[in-house]
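Subject: Structure handover and notes

Dear colleague,

I am passing on the structure below, followed by my notes on what was found in it. Please read the notes with the structure open beside them.

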Amino acid sequence: MENHKLQIALIKGDGIGVEVTDAAIAIMDRALNKTGKKEFSYHRISAGASYYRETGYDIEPGGEAAAGRADAIFLGAIGLPEVRYEDGTEISPHLRLRDRYQLYAGVRPVRAYPNAPRRLADARAGEIDLVILRESTEGLFYSAAVHGRGQVIDNREARDVLRITRDTTEKLHRFGFALARKRKQRGSQGMLTCVDKANVFTSMAFFRKIYAEIAPEFPDIRTDYNYVDAQALDLIRRPWDFDVLVTENMFGDILSDLAGGLVGGMGMAACAEIGDETGLFQPAHGSAPDIMGQDRANPLAAILSGALMLEYLAEKTGNPGLADASDLIDTTVYRGFAENRLHPVEFGGAMGTRAITRELLEML
Ligand code: ATP
């Protein structure tokens with residue numbers, strides 16, 4: 001295992017996706033180098049809106065299967081506002097990859113960094129350190145996962161289905177409890193909050209019921225419940241009280257942007273999407289066409305997503321050395337802010353994508 005070069009399927013995509021992916025690769029390679037591990041071998045896969053415009057395909061032929069054969073998938077960002085499928089929806093091979101590989105566990109860490117913008121005046125905003133675990137294959141996105149599942153009936157009515165399955169929900173809650181346990185070992189409080197709308201929807205009551213069934217398997221983790229509307233309020237009123245939040249796909253989509261906003265902006269929002277066989281790692285932001293090609297994108301979300309990938313691969317391959325490279329990236333970014341060395345344009349500073357990358361490389 002030690003000598004095997006891990007293969008990463010690399011989908012840079014559109015807009016700033018390309019720029020931030022290059023930054024993430026540079027940092028990952030350096031961190032692996034520093035911790036004595038082999039660099040990855042990257043298998044580039046063309047996909048996205050620009051590719052669709054050129055070829056009529058949203059991913060290269062055979063690209064989905066090739067992505068699944070790699071040890072993990074890294075994606076920049078996909079989509080351009082002016083390029084759409086015929087029905088007007090955004091180009092998204094990413095949703096199909098999620099569906100095909102059943103990447104149910106969407107992990108979105110939300111952490112306050114020193115000297116980075118805080119939207120809340122309360123001093124405790126500096127203690128924000130939580131994870132939103134967003135189910136990523138079903139829920140209300142079930143309709144979007146496969147093109148055509150949403151319906152318009154006779155131009156009179158449109159329907160999208162919200163689907164919750166026992167199988168996925170059990171795995172999701174187990175993943176959430178296990179994540180809370182892993183974080184507890186590193187000093188977090190060890191709590192998993194079930195965020196739903198169980199007071200209104202049958203599907204959500206089912207989601208909560210399964211949470212309660214799984215909870216006794218993790219007696220060391222504190223259980224907690226919140227309705228999604230109250231959770232939105234609490235993420236503004238007292239985000240520092242939360243540890244891991246587990247929720248349905250659409251709720252998680254919205255709450256993770258909200259939570260991301262509390263600790264800076266989209267340029268800090270890292271994301272992992274993990275299934276039973278593979279994982280896809282990407283910044284939670286989009287292709288940001290408004291700033292593409294200007295060296296203004298904040299690459300930290302992509303870089304921190306790279307750290308999540310290293311941590312995932314450490315567990316998947318049973319090679320704890322990869323976790324050292326992941327920790328090294330996390331601590332370097334933290335130190336960069338603590339020592340006031342990182343000033344992204346996104347936060348009103350003067351450092352673009354390349355300058356941030358250079359600074360981190362130097363620190364590494
Ligand atoms: P999607 O629906 O694919 O998430 P979107 O159009 O909703 O895409 P983004 O592309 O993420 O959203 O862009 C939203 C805003 O955030 C834009 O103004 C963009 O410039 C800004 N933004 C996103 N990512 C970054 C980044 N890495 N650095 C700086 N600004 C960013």
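**Surroundings of Asp71**

Leaving aside residues up to four places away in sequence, Asp71 touches His4, Leu6, Gln7, Thr278, Tyr312, Leu313 and Lys316, where contact means heavy atoms within 4.5 Å. This is a predicted model, in which local features need pLDDT of at least 70 and side-chain atom pairs count only at pLDDT 80 or more, while totals for chains, interfaces and linings use all residues. Residues are numbered from 1 along each chain as its sequence is written, and side-chain values use heavy atoms, with hydrogens and water left out.

Asp71 itself is found in the loop between α3 (63-69) and β3 (72-77); helices (H or I, at least four residues) and strands (E, at least two) are DSSP runs, numbered from the N terminus. The side chain of Asp71 reaches the backbone nitrogen of Gln7 at 2.8 Å, which falls under the definition of a polar contact as a pair of N or O atoms within 3.5 Å, where within protein one must be able to donate a hydrogen and the other to accept it, and residues adjacent in sequence count only if both atoms are side-chain atoms. Asp71 is buried yet has no salt bridge, and the nearest side chain of opposite charge, that of Lys316, is 5.1 Å away. Here buried means under 20% relative accessible area, exposed over 50%, and partly exposed in between (1.4 Å probe, protein chains only); for charge, Lys and Arg count as positive and Asp and Glu as negative, whereas His and the chain ends are not counted.

**Salt bridges**

A salt bridge is taken as a side-chain nitrogen of Lys or Arg within 4 Å of a carboxyl oxygen of Asp or Glu, and the structure holds 29 of these salt bridges. In one of them Arg100 pairs with Glu64, the closest N and O atoms being 3.3 Å apart. This pair links distant parts of the chain, with Arg100 in helix α4 (residues 93-100) and Glu64 in helix α3, 36 residues apart. Arg100 counts as partly exposed at 45% relative accessibility, whereas Glu64, at 15%, counts as buried.

A salt bridge also forms between Glu315 and Lys182, whose closest N and O atoms are 2.8 Å apart. Here too the pair links distant parts of the chain, since Glu315 is in helix α10 (residues 300-317) and Lys182 in helix α6 (residues 166-185), 133 residues apart. Glu315 counts as exposed, at 54% relative accessibility, and Lys182 as partly exposed, at 28%. Salt bridges that share partners also join Asp58, Glu64, Arg96 and Arg100 into one network. The side chains of Arg156 and Asp154 meet in a further salt bridge (3.2 Å, N to O), and Arg156 and Asp154 are both exposed.

**Helix α4**

The helix that carries Arg100 is mostly covered, six of its eight residues being buried, namely Pro93, His94, Leu95, Leu97, Arg98 and Asp99. After α4 comes Gln102, whose phi is positive, near 45°.

**Aromatic pairs**

Rings of Phe, Tyr and Trp (its six-membered ring) are paired if their centres lie within 6.5 Å, and planes under 30 degrees apart count as stacked, over 60 as edge-to-face and the rest as tilted. By this rule the count comes to nine aromatic pairs. One of them is the tilted pair of Tyr113 and Tyr334, at 5.8 Å centre to centre and 50° between the planes. Tyr113 lies in the loop between β4 (105-111) and β5 (129-135) and Tyr334 in helix α11 (residues 320-338), so the pair ties together parts that are 221 residues apart in sequence. Tyr113 is buried, with a relative accessible area of 6%, while Tyr334 is partly exposed, at 32%. Tyr113 also forms a tilted pair with Phe337, at 5.3 Å centre to centre and 40° between the planes. Phe337 is likewise in helix α11, so this pair ties together parts that are 224 residues apart in sequence. Tyr113, Tyr334, Phe337 and Phe347 form one aromatic cluster.

**Cysteines**

With a disulfide defined as a pair of cysteine sulfur atoms within 2.5 Å, the count comes to zero disulfides. Cys194 is in no disulfide, and the nearest cysteine sulfur, that of Cys271, is 20 Å away, too far for a bond. Cys194 is buried, with a relative accessible area of 0%, and Cys271 also counts as buried, at 0% relative accessibility.

With best wishes
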